[in-house]
Amino acid sequence: LIELRPDVVLTDLEMPRMDGFDLLRNIRADARLHDLPVVVITSRLADKHRRYAEEVGANHYLGKPYQEEALLALVDRYTRAGA
């Protein structure tokens, strides 16, 4: 992320070794990345997961299945903002 900073990060919450919450905390703790937009895409639909993701820094939270148009609109929004 440091060497090739993307315009936006898309992440799941469930990943091996580091979950999406840990990834969010690490991104927000790094001064070089703290403003990097992060979109969480997950099957965890409970409000407690959504609230916690937002608390640790998620910009958007999409449940699976998600609307492809909604995801593409978010990516477009963040890539335009980064241009």
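A strand, in the sense used on this tour, is a run of at least two residues that DSSP assigns as E, and strands are numbered from the N terminus. The model on the screen is predicted.

**The whole chain**

Begin with the entire chain displayed as a cartoon. Three helices and three strands can be found in it. Followed from the N terminus, these elements run β-α-β-α-β-α. The radius of gyration is 12 Å, close to the 12 Å that the globule rule gives for 83 residues, so the chain is as compact as a globular protein of that length. Along its principal axes, the C-alpha trace spans about 30 × 30 × 20 Å. Of the 83 residues, 35% count as buried. Among contacts between residues at least 6 apart in sequence, 54% join residues at least 24 apart.

**The sheet**

Next, select the three strands. They form an open sheet in the order β1-β2-β3, with parallel pairing. The edges are taken by β1 (9–11) and β3 (60–63); each has a single partner strand, so one side of each is left without a neighbour in the sheet. From one strand to the next, the twist averages 20°. Strands of a sheet pair through backbone hydrogen bonds, either parallel or antiparallel. Now keep β2 and β3 in view: four bridges join this parallel pair. To see how the two strands face each other, select V39, which stands opposite H60 in β3.

**Residue T42**

Remain on β2, which covers residues 38–42, and select T42 within it. Is T42 buried or exposed? Its relative accessibility is 0%, and because buried means under 20%, T42 counts as buried. Display the surroundings of T42: leaving aside residues up to four places away in sequence, it touches D12, L13, Y61, L62, G63 and K64. Then show R44, whose backbone nitrogen lies 3.0 Å from a polar atom of the T42 side chain.

**Helix α1**

Move to helix α1, residues 20–29, and colour its buried residues: G20, F21, L23, L24 and I27. On which side of α1 do they lie? They cover an arc of only 160° around the axis, which puts them on the same side of the helix. An α-helix has 3.6 residues a turn, so residues three or four places apart point the same way. Against which elements do the buried residues of α1 pack? Their partners are β1, β2 and α2 (47–56). Finally, go to the start of α1 and select D19: one of its side-chain oxygens reaches to within 3.0 Å of the backbone nitrogen of F21.

Methods
Residues numbered from 1 in each chain as written. Predicted model: local features only at pLDDT ≥ 70, side-chain atom pairs only at ≥ 80, totals over all residues. Heavy atoms only, no water. Buried < 20%, exposed > 50% of the residue type's maximum accessible area, 1.4 Å probe, protein only. Polar contact = N/O pair within 3.5 Å; in protein donor to acceptor, adjacent residues only side chain to side chain. Contact = heavy atoms within 4.5 Å. Pairing = 2+ DSSP bridges. Axes fitted to C-alpha atoms, helices over the stretch in contact; angles between N-to-C directions. Arc of directions from axis to C-beta. Rg over C-alpha atoms; globule rule 2.2 N^0.38 Å.
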